[in-house]
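Here is a short briefing on a protein structure. Keep the sequence and the 3D view open as you read.

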Amino acid sequence: MSTPTHDPHSGDRPDRGTGTANPGTGPTNPSPASARGSAATADENPADPANPAAVDMDEPPAGGSFTRYFLRKLGGAATSMVLVIVLGFFAFRMLPGDPVLKIAKERPMSPAQIAELRSQYGLDKPVIVQFWDYLVGIVTGDLGESYVYRKSVSALIGEYLGPTLLLTATAAVIAIVLGLWLGQISAWRRNSLFDKLASSTSLIFWSVPTFWLGLILLMIFGGTLQWLPTGGMITPGLDPWSPAGIIDVIKHLILPVVSLVAVVYAQFLMIMRASLLEEMNEDYLTTARAKGLTEDEVRRRHAVPNALLPTVTVVFLHIGGLIAGAVTVEAVFSWPGLGKLTFEAIRGPDLPLLQGTFVVFSAIIIVMNLAADIVYRFLDPRVRRA
Amino acid sequence: MFTSHSLRRGWQRCLAGVAALALAGSMATSPAQAATSEAPASENVLRIATDGFIDSFNPFTSFYLVPTNTFRYMYENLVANDAKDGSITEGLATEWNTDSEGKVWTYTIRPDMKWSDGEPLTSKDVAWTYNQMMEKEEMAVANGSLVENFDKVEAPDDGTVKITLKKPQANNPGQEIPVVPEHVWSKIDKPGEFKNDEKSVGSGPFQLESYEANKSITLKANPNFWRGKPKLDEIQYRYYTNSDAQVQAIRSGEVDFITGLSPDQFTALENADNVELNEGNGRRFNGISINPGVADAKGKEFGTGNEALGDKKVRQAIRAGIDTETLRKQVMQDYAQPATSFIPAVYPDWALKSDNSVISGFDVAEAKKLLDDAGWKEGSGGIREKDGEKLQLRFLTDADAPIEQSTAKFLKPWMKDIGIDLKNESSDVDTVSERTTKGDYDMYFSGWSINPDPDYQLSINTCGQRPDADGNGGTSQDGWCNKEFDKLYQAQHVELDQAKRQDLVQKAQAIHYEEAPSVTLWYPNQLEAYRSDRFDNFTKQPSDGGAIANQVGYWGYSSVEPVSEEEATGGGMGAGGWIGIAAAVIVVLGGGGWLLSRRKKSDDRE
């Protein structure tokens, strides 16, 4: 058996979140879990190739009850959430521009009308009172009322969450399956033409700005070839549950999903590739070969399943990131989801709505990080038994 | 090591979870959509791309552009602004007159009019609407300023409305206030919070049928519209966040009308099949506002404007140093009209005449002379100095606006030519807005949309309209104040003789021009496109070379007719699309089959 070389790309391996304009992920990474998660994925530990699963750097080396482990993780997540909530209020208060004056711009509005708007929005109260109202609201599940839509922020987010889930989940499934599948073949045939092509193509897509790729796809397939719709989720007037409606939604889904997948599948490919390369060093593969299994079976039944382990954490982390990354794609393709809602809120500026989407995006990422920790513990017996 | 089976099972569970998420997502695509599930009753639907904000369709409270434009179609006003030139024409009222002072306005309402639900429409509805706005603060949010001068509004009989004003005014007070049906609105508990976003009752050519936030707005023709039922059955606004997507959508026939195109987008559509372009003379101006030393309404100065700009000679020199014609041709690619002052040329009665003696053109020698006269002498590096200080100015622009950025690029060397060191400070639009309200600028790129009557735009150039240092209390165009201008404003405000009023407006603008608190650069054309294979007979305002969308009135789409029924099915995916999808299906199925066959073979070997 040849000695596997260390993945030449590991230094280049993407570890920058989703690669899309992403207001959610930045400030939401104080969570120790996420920092560790990406350290794990970066796999920058060639000195210890025999232990690819030793990804959880601050994991207690010897056991510890699951409850304690879970509580510790939960505590970390809760702290992150509190930070996000506080930050969510003050960060947007620092944005330039007065929402009321922006609304009043170029309009014949009397000072009395402007004052009335200010009081309707609660902007005439001292900041500390506004902050208190906001905290009380969050505790009671009330994220306030949007300035623009004059509707409860929680209700708005509920309405827009569905399309975002549909878009990102479809993209996530395709990106993960495609990335992992190409990644394992690349690793198995390292340095082959396939490997070089697959790795470099994915990295090219990875470095392309999402909105640019989206626009190019839109122009080619929407405008010039006229194969696919240029925006929205469904043709107005169609019933989304009728056969024609479902086909219509799928048609609307193709371009945004392709844009999202093209940009993110590289990270899954690279992680899988690196992980499998590490695995190929292992003695058990030699044993498997000695049993007379074919190369294909060795890869599929022994190497790949083990190599999948370290990728699971990363996959969860990136699902969270993917949802936040939908902001750009939704804006390009007018996809009526949370990303577009956030985009509109920034244009406002609609402070309660911005705060609300920020908190929700952050919560999704924090929950995904937590889930990554928990799932990993379940999946990898070494973490449990050690 | 772990068994491959247990691991695969775990992995499969993860995938299943993600798939469940996807399914949940698709289920959550909201029952609200099912509400509008019926396919459009007719293909005679004009589909318009939009990206505007909508808070509600309540004409008393909503002030964003899209709803305001929609109200113009949903609710008739007492008097309308003509498509021809924006002048006052019949609305609900057939005739109107004022007393000699301009204080009591009497309107005769057209008899036998009906609301879209068939109920009779009388002067009582008009009086009720106006009184709501005058009596209740929450009903005055959107248009309160229009009734500020109203003392009382009465309906002595079904056919007469009498408006008594606090102070005389020449501008017809019956414009731009949507009149709503009393029999609907008086039954609503909290009319200030009413969203009015489905099946509206109104008197205009189209009525709101349904609205889905960030997805679509559907308007239906009103059979009872007093000018006659429109030929279009429906207007449907579709949401496109991004203007490039709108361009692709009209190219592919997904929408029938788009507006607000950039010169580049407009040029790109020149050769598109079945797309007709309209370069409409717009009702906007763009200019460079020069900080004349902004002060609050009491005259207390604030902000960080360069003191040099307090001298009108310096401001005039800046104008003389700007070649507006080159800017118009290069930056706007000729898609703009030459400008004089802040009333655009689409209102020829009011716009400052280009032969007015006050108007001076691009003249570098004159600019240098003005700066010399102001005491700014040429110093080192060609930059002028006075009392040891260099003449350095900041030009504030929106970093995301290509037109502002290009203008700044032209301005820098031009200002250097006359001895001014101009620094381009580009920022996001919110910062620009915040800094300009606080007077934290020397020059900035500005623009306004102007209504057919010049009163409002003149009013925001008066001294009393200046805000305080926090930006509260007023809306000033340039933060400028001039007593003589104020007198002319007041004089035209009450002048009932149209010719005399025009003269006063000309004089007021001439003073503004001479004082140069801003340099008007051009009147941008409104660039629009429509599907000529589906619809024609759009009405422009002004009818000679004007724009279709964003009119002051309901002309643009009311006259539209479908080209022919066979061609009106549009939008669908062509044969090419189906071939493409079929090819994709074959590739996917083929690939899957190949993978399966490989797996089977290896399984057999085990």
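Asp233(B) is partly exposed, with a relative accessible area of 26%. The model is predicted. The points below start with this residue, then turn to a sheet and to the other chain.

**Asp233 in chain B**

- Asp233(B) sits in a loop of chain B. The loop runs between β11 (216-221) and β12 (234-239).
- How far is Asp233(B) from Ala83(B), in sequence and in space? The two are 150 residues apart in sequence. In space, their C-alpha atoms are 22 Å apart.

**A sheet in chain B**

- Chain B has an open sheet of six strands. Their order is β16-β23-β15-β22-β20-β21, and the pairing is mixed.
- Which strands stand at the edges? They are β16 (336-338) and β21 (421-427) of chain B. Each has a single partner strand, so one side of each is left without a neighbour in the sheet.
- From one strand to the next, the twist averages 30°.
- Strands of a sheet pair through backbone hydrogen bonds, and the pairing can be parallel or antiparallel.
- Strand β20 (residues 392-398) and strand β22 (residues 443-449) of chain B run parallel. Two bridges join them.
- Leu396(B) has Tyr444(B), in β22(B), as its bridge partner.
- Helix α12 (residues 429-437) of chain B lies across β20, β21 and β22 of that chain. The helix runs at about 135° to β20(B).

**Chain A as a whole**

- How many helices and strands does chain A have? The count is 14 helices and zero strands. Read along the sequence, the pattern is α-α-α-α-α-α-α-α-α-α-α-α-α-α.
- Chain A has 386 residues, and 60% of them count as buried.
- Take the contacts in chain A with a separation of 6 or more. Residues 24 or more positions apart account for 77% of these.
- Chain A exposes about 14800 Å². Carbon and sulfur atoms supply 69% of that area.

**A nonpolar patch on chain A**

- Phe211(A), Trp212(A), Ile216(A), Met219(A), Ile220(A) and Leu225(A) form a nonpolar patch on the surface. Together they have about 520 Å² of accessible area.
- Where is Ile220(A)? Ile220(A) lies in helix α8 (residues 210-224) of chain A.
- Ile220(A) has 38% relative accessibility, so this residue counts as partly exposed.

Note on methods:
Residues are numbered from 1 along each chain as its sequence is written. Chains are lettered from A and ligands numbered from 1 in the order in which they are written. This is a predicted model: local features need pLDDT of at least 70, side-chain atom pairs count only at pLDDT 80 or more; totals for chains, interfaces and linings use all residues. Side-chain values use heavy atoms; hydrogens and water are left out. Helices (H or I, at least four residues) and strands (E, at least two) are DSSP runs, numbered from the N terminus. Buried means under 20% relative accessible area, exposed over 50%, partly exposed in between (1.4 Å probe, protein chains only). Two strands pair if DSSP finds at least two bridges between them. Axes are lines fitted to C-alpha atoms, for helices over the stretch in contact, and angles run from 0 to 180 degrees between N-to-C directions. Contact means heavy atoms within 4.5 Å. Patches are made of residues with over 30% relative accessible area and no salt bridge: like charges are joined within 9 Å, nonpolar side chains (Val, Leu, Ile, Met, Phe, Trp, Tyr) within 5 Å. Accessible areas come from the Shrake-Rupley method with a 1.4 Å probe; for residues, only the protein chains shown count as cover. A salt bridge is a side-chain nitrogen of Lys or Arg within 4 Å of a carboxyl oxygen of Asp or Glu.
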